[in-house]
Amino acid sequence: MSNYKLHKLNKKGRWFHANDTSFTDEYADERLDLFLRSSVVKKENGKYGNVYRLHAKEPHTVEMALDYDIGCPKCGAQLRLIGRCLNSHELGLYTCPVCDKR
């Protein structure tokens, strides 16, 4: 698993870019305000691919969690939401439609 720190691309919008980090899970949980954590899963086509869970230090409502537009850490395309929030800190589950086609 990798942790990707999210950076705002503009001050007014909700578009974020993910940067790869070497942070441990513990460090990311304690220090990063907003980040993605990757996991490898078996997709419907039988191949393995990455999914990303959005994590927030401050509690979020469902509406707040759905307001983010996030670029893929690997290719920069907009991630697609595929799973619901688990709680107020472990937010949506995302996948990249562009990377999935490869």
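Here is a short walk through the structure, one selection at a time.

**Before you click**

You're looking at a predicted model, where local features need pLDDT of at least 70, side-chain atom pairs count only at pLDDT 80 or more, and totals for chains, interfaces and linings use all residues. Numbering runs from 1 along each chain as its sequence is written, and side-chain values use heavy atoms, with hydrogens and water left out.

**Stop 1**

Select residues 3-8, strand β1, and residues 15-21, strand β2: they pair in the antiparallel sense over six bridges. Strands here are DSSP runs of E, at least two residues long, and helices are runs of H or I with at least four residues, numbered from the N terminus. Two strands pair if DSSP finds at least two bridges between them.

Click Phe16 and you'll find its bridge partner, Ile70, in β5.

**Stop 2: Ser38**

Next, go to residues 34-42, strand β3, and pick out Ser38. Is Ser38 buried or exposed? Its relative accessible area is 7%, so Ser38 is buried. (Buried means under 20% relative accessible area, exposed over 50%, and partly exposed in between, using a 1.4 Å probe and protein chains only.) Show what surrounds Ser38: setting aside residues up to four places away in sequence, Ser38 touches Met1, Ser2, Tyr4, Val51 and Tyr52. Contact means heavy atoms within 4.5 Å.

**Stop 3: charged pairs**

Time to look at salt bridges, each a side-chain nitrogen of Lys or Arg within 4 Å of a carboxyl oxygen of Asp or Glu. How many salt bridges does this rule give? The count comes to three.

Start with Arg37 and Asp25, whose closest N and O atoms are 3.3 Å apart. Arg37 sits in strand β3 and Asp25 in helix α1 (residues 25-31), so this pair ties together parts that are twelve residues apart in sequence. Arg37 counts as buried at 11% relative accessibility, while Asp25 counts as partly exposed at 23%.

Then jump to Arg80 and Asp100, a salt bridge with closest N and O atoms 4.0 Å apart. Arg80 lies in strand β6 (residues 80-83) and Asp100 in helix α3 (residues 97-101), so the pair ties together parts 20 residues apart in sequence. Both ends count as partly exposed: Arg80 at 43%, and Asp100 at 28%. Back at Arg37, salt bridges that share partners join Asp25, Asp29 and Arg37 into one network.

**Stop 4: the nonpolar core**

Finish with the largest nonpolar core, which has 19 residues; Leu6, Leu34, Leu36, Tyr52, Leu54, Ile70 and Leu79 touch the most other members. β1, β2, β3, β4 (48-56) and β7 (90-95) are the elements giving two or more residues to this core, and β4 gives the largest share, three residues. A nonpolar core is a set of buried Ala, Val, Leu, Ile, Met, Phe, Trp, Tyr and Cys residues joined through side-chain atoms within 4.5 Å.

Leaving aside neighbours within four places in sequence, Leu34 is in contact with Lys5, Leu6, Phe16, Leu54, His55, Ala56 and Tyr68.
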